[in-house]
Amino acid sequence: MNINRLTTLGTCALLGGVLLASAAPASLRSSAGAKTEVPARAHVPMGLVFSCTPQQLLHIKPAVDHYLEREGVDLHLVQSSLDAQTHALQYALIEPLADANTLDLVDRPALHIKETLVELPTANGSTRTVITVSKAEILYAMLQAGRTTVFDGQACDAQALIDQIGIRQNTVAWAESLSWQWPEGGPAVWNRKYWRRGDPVKGYPLYEAVNDAFINQDRYAIGCYTATKLVVIQGVLDYYHRIQPNPRMLGLVQAQLLQDRDPLSHIEPGVMWHFEADSQAADRARPGKLLALKNGIAAKNFIPGDWAYFLNTDPVTYEKTGYEGSNALYLGRGKFDDYYNDHHHAYTFKEKMHEVYQWRNKVFSSRRDVAKVRPLSAADFELLAGTPAQGGIQMDYRAVPLLFGFQPLPSVGL
């Protein structure tokens, strides 16, 4: 794997000033050539699945039902079924809601989804209020068609679901209102009290060093790839430090991150970057410290807290450092991250695809390059939402949180 490229893989460049015009087809099929062959998707199952023993299911079903109702999920809109042969308990949205698309869940009247308020700590010891995704929306996204989220083995426990939802919500909350600086082609900038060129300074707990990047944002200038990893790490560490205090789990996660003495490396599985020309078998076999990769995801199916990737399939601008593609953290409510507050803290799905596609037209600045923008039609956007093999730019995988405390944490190899 090209280490220099991997450290800057993808960008968060702003095209916010560019209008998403819907006229004039862009002939995408001839210009969005795939860089990798992706097998055609087979039938994609749906919803939440607990693959457990009959005795375990006796306890899991009432606990899950209670949790869904407590968080605002209408059980009349959810069908549950038990496979007597496999002992798999499945929860899924009923028709016609089960259409795989999660981007517009918040706009569906039947679901009554609302945002929620959470308190996040600040540098002066007080808190700030952030509007973020509700647990109900995260659950409805998991119940949607387009993918299956399975709980089995040690994860045959309702608490595994509860923690997964909590970590996802906390991850999104920390990504809601960020204003880090972009390095502008220079070296990254870190608060030297806690970091030396991205390596943690000895003498401080890792959770404290990571948290500083969020409460003292003006002291950091980092790229989009690093930013995404920091948000993922913060979501997990802060969950076990502050949201659901658990010193044992906090220690385990910190040890997991520090197993190779580089807490910002290998957060996601190496196979996430299989399309890189110099990707090696050893890279692709390496697991992620905090994330697993789920493949074969439907085009508009995102669960809040997912890390997705939009690939720049133009062979010319793909070689421009920082423009290989875009790392995208889904925030729910149809929004994706904006770590630098370039676009009012979020991008829509169309804006994210528009941004990445226009790089092939040398549109790297919303103001300087506006004349180079080629308008996209509604049909163009639908095509871009597909995989590179289908003429689009969206990879059909998502990096998702591990089930901490309910599955063995993998070793990345030393």
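## Surface and overall build

How much accessible surface does the protein have, and what share of this surface belongs to carbon and sulfur atoms? The accessible surface amounts to about 17,600 Å², and carbon and sulfur atoms contribute 53% of this area. These values were computed from a predicted model.

The protein contains 414 residues, of which 57% are buried. Its secondary structure consists of 11 helices and 14 strands. Among the contacts in the protein with a separation of 6 or more, 74% are between residues 24 or more positions apart.

The structure contains 26 aromatic pairs. One of them is formed by Phe50 and Tyr91, whose rings are arranged edge-to-face. Their centres are 6.4 Å apart, and the angle between the planes is 85°. Phe50 belongs to strand 1 (residues 47-51) and Tyr91 to strand 3 (residues 88-93).

## An aromatic pair between a loop and a helix

Trp180 and Phe214 also form an aromatic pair. The centres of their rings lie 5.2 Å apart and the planes meet at 65°. Because planes over 60 degrees apart count as edge-to-face, this pair receives that description. Trp180 is found in the loop between helix 5 (158-175) and strand 7 (195-196), whereas Phe214 is part of helix 6 (residues 206-215). The pair therefore ties together parts that are 34 residues apart in sequence.

Both partners fall under the 20% limit for burial: Trp180 is buried at a relative accessible area of 1%, and Phe214 is buried at 2% relative accessibility. Trp180 and Phe214 also belong to one aromatic cluster, which includes Trp174, Trp182, Tyr339 and Tyr340.

## Charged ends over rings

Which residues place a charged end over a ring? The charged end of Lys352 sits over the ring of Tyr347, at 4.7 Å from the ring centre. Likewise, the charged end of Arg398 is positioned over the ring of Phe302, 4.0 Å from the centre of that ring.

Technical notes: Residues are numbered from 1 along each chain as its sequence is written. This is a predicted model: local features need pLDDT of at least 70, side-chain atom pairs count only at pLDDT 80 or more; totals for chains, interfaces and linings use all residues. Side-chain values use heavy atoms; hydrogens and water are left out. Helices (H or I, at least four residues) and strands (E, at least two) are DSSP runs, numbered from the N terminus. Buried means under 20% relative accessible area, exposed over 50%, partly exposed in between (1.4 Å probe, protein chains only). Contact means heavy atoms within 4.5 Å. Accessible areas come from the Shrake-Rupley method with a 1.4 Å probe; for residues, only the protein chains shown count as cover. Rings of Phe, Tyr and Trp (its six-membered ring) pair if their centres lie within 6.5 Å; planes under 30 degrees apart count as stacked, over 60 as edge-to-face and the rest as tilted. A charge sits over a ring if NZ of Lys or CZ of Arg is within 6 Å of the ring centre and within 35 degrees of the ring normal.
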